[in-house]
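Thank you all for coming. I would like to walk you through one structure today, going from its overall division to a few individual residues, so please have a look at it with me.

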Amino acid sequence: MSDVHPPPADFAARAQIRDTSLHEEALADREAFWARQARSLDWATPFERTVEGDLTDARWFVGGELNAAYNCLDRHVEAGLGDRVAYHWEGENDDRRSITYAQLLDEVQRVAATLRDLGVRRGDRVAIYLPMVPELPVSMLACARLGAAHSVVFGGFSATSLRDRIEDAGCRVLITADGGFRRGGVVPLKDNADEALAGDTPVEHVLVVRRTGAEVRMQDGRDRWYHEAVPAEPVAIPAVPVDSEQLLFLLYTSGTTAKPKGVMHTTGGYLTHVAATTRWTFDLRPDTDVFWCAADIGWVTGHSYIVYGPLANAATSVLFEGTPDHPGRDRFWEVVERYGVTILYTAPTAIRSFMKWGREHVDAHDVSSLRLLGTVGEPINPAAWVWYRDVVGGGRCPVVDTWWQTETGGQMLTPLPGVHAAKPGCAMQPLPGFGVEVVDEHGQPLPGPGDGYLTIRQPWPGMLRGVWGDPQRFRDTYFSRFPGRYFAGDGARIDEDGDIWILGRVDDVMNVAGHRISTAEVESALVSHEAVAEAAVVGRSDETSGQAIAAFVTLRGEHDDGADLEQTLRTHVGKVLGPIAKPKTILFTPDLPKTRSGKIMRRLLRDIAEGRDLGDTTTLANAEMMTELSERAAAAR
Ligand code: PRX
């Protein structure tokens, strides 16, 4: 029997949702339910039909027109909330700024004016490669205001990754910074951008935010400082009403090949989904809560729960530039205390680190303002869940473990904090209106408890509408394994109570500290080094980051293995993909385990990396060396 925690009584008594009537409403008439949710947004032209098409071709709120920036800013200011703080920005090096809705609207219009002058029009794509500074959400909303789509590239990605994403999307404008602060050091964002734009590039204009003051090269005719280009005086730039299905943004994510996919999200459905789930999951009270989603806006969590979800609800959020352990290991708790954070949403990896560092860092601060805790991005182990609830939440805060993906746009599974009991490590139940089902390998819903695959059987508002430039890949990746269902790669278990546990990816996608990385991307980065003949990469379990990257490499004849080469290859992968993709261990081997037909046996490599018993290896062409490899893997762990 698993450990079951009913919602804390005080919380449940005051929760805004205390029963399952929303679920019942959605079950009775799903379309009417979503139409009602959509009407909490402001539509320039009301929609005529709620949904059309099937999973591969869904269109939501058909005929409706709206603007995402208008819904996140103008309507709140018009309603008299201009003085409410939208973001408490907590930067590195004691930089702080609180920005009201009126100020945010003003800055967004000024940046929109600049983008418009640079020729940005409805339907264009703008690349954004910034640290966690206010200019990041401002730039996103300025694009949305003009009906242009943004493509935010995480600041930890390399020049090569940035170049690939810019080229794939055909971005004409890039917004970046002279650099970003990280743990006291500086990330050379502008240098990376210069490298990404060298040679042929679709980018015509670059706006550069001054953040670090580092000396950077400005290319005449192409590069302009943000603070010089953006007008200092207020300008009125109307929010362009766009079709509900107008592209709002692209966000690249790793799949099972070396080429990341440009996941497409559109306006009306996405905004409806993230606005509603922000209210439900977090029991949000926009007039009193201080909401802190401690993710980076470079990932979907930040798009949905730092930018669009909270702003659509006129909430007050913390926008945090730093890291959990700089300058001290109490950094999070200092921030919670400073702003009186009431809702904290973070990744299990961070919680496991806090746990390792010890409760004294939490206890050194008054964190009693917290009333709800959330997790996202990877499975949370029960010990970390319990620690989070007891030490951070003082036992009085419900913990919501939210399952979703870049592709789903917003949360899909989570306990509702005032309704469902929670089980540590369990994502529990679909939120209202989502047709989530666990199926067997033939695509049949499991009749009772058991293990299977997580699928979604009906279109939902925030779902991805495609893979940019590759409709075939869209269909193959998500809809071919189980016809008539969406499948994005997670295994799941249904327990005796009908609750859903996420078992992790069943494809070649790793989840390292909550970040999605494909084995193929890392393999392709490794073989792009001259010393490497062949590489195989697997994810193995890791106490802190959930999974760690384990690489197996065979070298070209003339190269010697050794600690130097291991370091060189790690640096090389960091350069090609970004620091998060560096393998934790690299084992050199004269041969990789292959079937007699020459296919690399990843299952066996996973067993070796995990230190599991190898079982029967007689079908292998090169069985004898596996024992040796597994001994070396054990030593490297
Ligand atoms: O494997 C699941 C895991 O993260 C994957 C999605 O990654 P990404 O698109 O980068 O989005 C992460 C933030 C939403 C999923 O396929 N995952 C996400 N949330 C959970 C999770 N695994 C277990 N429990 C979760 N709560």
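The protein is divided into domain 1, residues 9-491, and domain 2, residues 513-636, with bounds that come from an automatic or database domain assignment. Please keep in mind that this is a predicted model, in which local features need a pLDDT of at least 70 and side-chain atom pairs count only at pLDDT 80 or more, while totals for chains, interfaces and linings use all residues. Residues are numbered from 1 along each chain as its sequence is written, and side-chain values use heavy atoms, with hydrogens and water left out.

The C-alpha centres of the two domains lie 33 Å apart, and their contact, meaning heavy atoms within 4.5 Å, takes 24 residues from domain 1 and 20 residues from domain 2. Between them the domains bury about 1600 Å², of which 47% is on carbon and sulfur atoms; buried area here is the accessible area, with a 1.4 Å probe, that two parts lose on being put together, summed over both. On the side of domain 1, Ser254, Ala258 and Trp299 supply 27% of the area buried against domain 2, more than any other three residues.

Let me turn to the ligand. Which residues are the closest to the ligand? There are 17 residues around it, and the closest are Asp401, Thr402, Thr406, Asp490 and Arg516, where a residue counts as near if one of its heavy atoms lies within 4 Å. This shell divides into six nonpolar, six polar and five charged residues, with Asp, Glu, Lys and Arg counted as charged, Ala, Val, Leu, Ile, Met, Phe, Trp, Tyr, Cys and Pro as nonpolar, and the others, Gly among them, as polar.

As for polar contacts, which are pairs of N or O atoms within 3.5 Å (within protein, one must be able to donate a hydrogen and the other to accept it, and residues adjacent in sequence count only if both atoms are side-chain atoms), a ligand nitrogen is 2.7 Å from a polar backbone atom of Thr402. An oxygen atom of the ligand is 2.4 Å from an N or O atom in the side chain of Asp490, and an oxygen of the ligand is 3.4 Å from such an atom in the side chain of Asn511. Taken alone the ligand exposes 550 Å², and the protein buries 96% of that, areas being computed by the Shrake-Rupley method with a 1.4 Å probe.

Finally, two details of the backbone. The peptide bond from His326 to Pro327 is cis, with omega near 0°, and Pro327 lies in the loop between strand 17 (316-320) and helix 12 (331-339); helices (H or I, at least four residues) and strands (E, at least two) are DSSP runs, numbered from the N terminus. Phe61, although not a glycine, has a positive phi of about 60°, and Phe61 lies in strand 2, residues 59-62.
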